[in-house]
Amino acid sequence: MQIKSAIKNFGLPRFIILLFLIILFAAAPYAGVKVDTSIENVISRFGMFSILVLSMIPMIQSGCGLNFGLPLGLIGGILGGVISIEFGFTGYLGILSAILFAILISLVFGFAYGLLLNRIKGDEMLIATYVGYSFVALMSIFWVVAPFKNPVSVLSYGGSGLRQQIPVADYWMVKETFADGTVGSVGILSNLLSFNITDNLRVPTGMFITFAIVAFFVWAFFKTKLGTSITAVGSNPDYAKASGININRMRLISVMLSTAIAAIGIIVYQQSYGFIQSYNAPLNFTFQTVAAILIGGASINKASILNVIIGTILFQGILTMTPVVINGALSIDVSEVIRLIVTNGMIIYALTRRNKQ
Amino acid sequence: MKKMNNLGRFMVPILFIIICGVGIIIAKPQTAYITGELTRRLVRNSFLVLSLIIPILAGMGINFGIPLGAMAGQIGLIFVTDWGITGAGGLIVAALIGTPIAIALGFFSGKVLNRAKGREMITSMMLSLFIFGIYQLFLLYLYGTIIPYKNRKIILSQGYGIKNALNLDVAKAFDKILSINLNIPVGRQSIQMELPIVTILLIVILCVFIVWFRKTKLGHDMRAVGQDQKVAGNAGMQSDKIRTTSIIISTVLACYGQLIYLQNIGTLNTYAGQDQTALYAAASLLVGGASVTKASIPNALIGTALFHLMFIVMPQAGKALTGDAMMGEYFRTFLSYGVVTVALIMHAYERKRELEQNRLVSRRARQNS
């Protein structure tokens, strides 16, 4: 009985996913997969995606729902990155200036986006999805005509128009010789204070520190008066209104915050991935990010940092482990299909749960 | 007030007529090309767009889950191609296979959407992505391993799984039965169109069906549920059941719509394009002046014509302007998404204002009494 209620509290889908992940790890050695390599994949993907997932929190807390308009923040990040590269800033100066530009731009985007969402309360998620799609399409036109000159970011044959993938190796990455003697590039944030546990298991401490800083900021923000007002708006709008909180203002702040954190998140992702991806790429992140925080236990109107951490580990764990284990055992690659089913199944589960109020 | 709303309803079609007009002036295409291409696309897409109307009647908004029906139709087509059944018979067999799958998926979809009231549109969109995952699992990994196949040509070289692109044996099977070629010279230009009579007849039958359906008891009940579920419930209607029925009908129609679409195109892109089905159909309907709560057959047909006219003209206009064909392509994508976005925003805004007004009216009534 107790187990049953524990499962119920934990949520059945989450339980299934956890069980699945444990089975995958248990099966890994038999499928000829190195466990330490797998763990490194999971933790470095955690570093890459965790801030993006974190960006969901402010909007969920303020009652704006799941941020399906994530691409707006990502485009802010891409713009910040490209501008920083255009100026030729490298190393820490490069990445910090990119983050600074990204925050400034995404605050503007977030402001407009927040004003829009305030006018259409109750329909945020659907409209946000389409706003995301439209904005990505609009920005694709912008990328073609944008006046960037740096040969790294511009298409080589035309001399104008952004590349689909802009390599950041010379700007945000350092050369590194790995244990097996190969030389490669590692993002400077990933490389910061990183250390090896085994030959195949390297801990990207810097990305964790970055996540910790942003997460601490979010945590502290929701302890302030402003932060608690935002939470009040999300959990009980009538009460918030009665106590004189300006609901629209709180929602606007939360949307701007979410968009800015998403912009930081994509830059941390890019410095580890090695490329800034433009054009349609921002669309690929939305549903995965939303699904990750839901797997972590968040609902449409409540989310915590713990949800982010658990969700990102579980979700990225499944994504990295499924292909290697199943591919090793059966030599078929079902990762894409599993990703589709888990991601969208999880979102449907959250959308169909009746609110407890 | 009312007048403003009417003007608002025609704003989108008028805007699109202007966009297309400007596009035509810039691109200066041959009329023969435009008329030919436009009839082809109208015949190809109308059925899918029409399949969106019935859930709107039931107050469930745009059914972004029509890819569920499309996938059911595609599974039917794959079996038919595997078994080597050709011609119109092949299409009918494909429809027979697709129908039960579409009914099952529509039933599932209806059940899920009943649990997500007020969020039907986003949930139906996520559902189509979710089922797309299952569809891939079925075709890529189960077909050829668990499900036996006859035709080696449709299987990937690894020995199981359906190929990414299939040439359909049933290509143009409906279109070929009876086709009339029109060529009317107008001045130096000419109007050319190919009219596949049987396919057009199918679309007409669907239009008649929709008109008839609205007058049946179920149609009336559906409209009542669409207006107010509580009132309908009090009047003894099982609103959940009626809503599910509307989604099932829409899904089955989408299945047939996809069959018509694919037989006209002639090749099946097994794992791509399904997500666009709903977007283009929804955009077509909205361009025709429909809203999330109100849609008619003229909306669907005019919208399909306008939306696809833009599709034909834009890449050429973009190329003429910038010398880059991709530009027109991006602009086209932007407009498709933009139309849906703006229509959804307008609807949500309208609804919010209505709620506000109702509250004011009821407050005034209370004060007066």
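Predicted model: local features only at pLDDT ≥ 70, side-chain atom pairs only at ≥ 80, totals over all residues.
Reader: What makes the contact between Glu336(A) and Arg339(A) a salt bridge?

Author: The side chains of Glu336(A) and Arg339(A) come to 2.9 Å, N to O, and because a salt bridge asks for a side-chain nitrogen of Lys or Arg within 4 Å of a carboxyl oxygen of Asp or Glu, the pair qualifies as one. The two residues stand three apart in helix α16 (residues 335–352) of chain A, and therefore about one helical turn separates them.

Reader: Why are Glu336(A) and Arg339(A) called partly exposed?

Author: Glu336(A) has 41% relative accessibility and Arg339(A) has a relative accessible area of 21%; because buried means under 20% and exposed means over 50%, with partly exposed in between, Glu336(A) counts as partly exposed, and so does Arg339(A).

Reader: How do you know that Arg41(B) and Glu37(B) form a salt bridge, and are these residues buried or exposed?

Author: The closest N and O atoms of Arg41(B) and Glu37(B) are 3.5 Å apart, which is within the 4 Å that the term requires, and the two residues lie four apart in helix α2 (residues 31–50) of chain B, about one turn of the helix. Arg41(B) has a relative accessible area of 16% and Glu37(B) has 16% relative accessibility, so with the cut-off for buried set at under 20%, Arg41(B) is buried and Glu37(B) is buried. Glu37(B) and Arg41(B) also belong, with Arg40(B), to a network of salt bridges, and over all chains the structure holds seven salt bridges.

Reader: Why is Lys217(B) called exposed and Asp221(B) called buried, when their side chains meet in a salt bridge?

Author: The salt bridge rests on the 2.8 Å, N to O, between the side chains of Lys217(B) and Asp221(B), whereas the labels rest on accessibility, for which exposed means over 50% and buried means under 20%. Lys217(B) has a relative accessible area of 61% and is therefore exposed, while Asp221(B), at 12% relative accessibility, counts as buried. Both residues belong to helix α9 (residues 217–227) of chain B, where they are four residues apart and so separated by about one helical turn.

Reader: Why are α10(A) and α13(A) called roughly antiparallel?

Author: The axes of helix α10 (residues 205–221) of chain A and helix α13 (residues 247–273) of chain A come within 11 Å and cross at roughly 175°; because angles over 145 degrees count as roughly antiparallel, the two helices are described in that way. Residues of α10(A), including Met207(A), Val214(A) and Phe221(A), meet residues of α13(A), among them Ile253(A), Ile261(A) and Ser272(A).

Reader: Which residues have the most contacts inside the largest nonpolar core?

Author: They are Phe68(A), Tyr130(A) and Phe64(B), in a core of 224 residues. Tyr130(A) touches residues of chain B that include Phe64(B), Met125(B) and Leu344(B).

Definitions and conventions: Residues numbered from 1 in each chain as written. Chains lettered and ligands numbered in written order. Heavy atoms only, no water. Buried < 20%, exposed > 50% of the residue type's maximum accessible area, 1.4 Å probe, protein only. Core = buried A, V, L, I, M, F, W, Y, C linked by side-chain atoms within 4.5 Å. Contact = heavy atoms within 4.5 Å. Axes fitted to C-alpha atoms, helices over the stretch in contact; angles between N-to-C directions. Parallel < 35°, antiparallel > 145°, perpendicular 65-115°, else oblique. Lists of a residue's contacts leave out its neighbours within four places in sequence.
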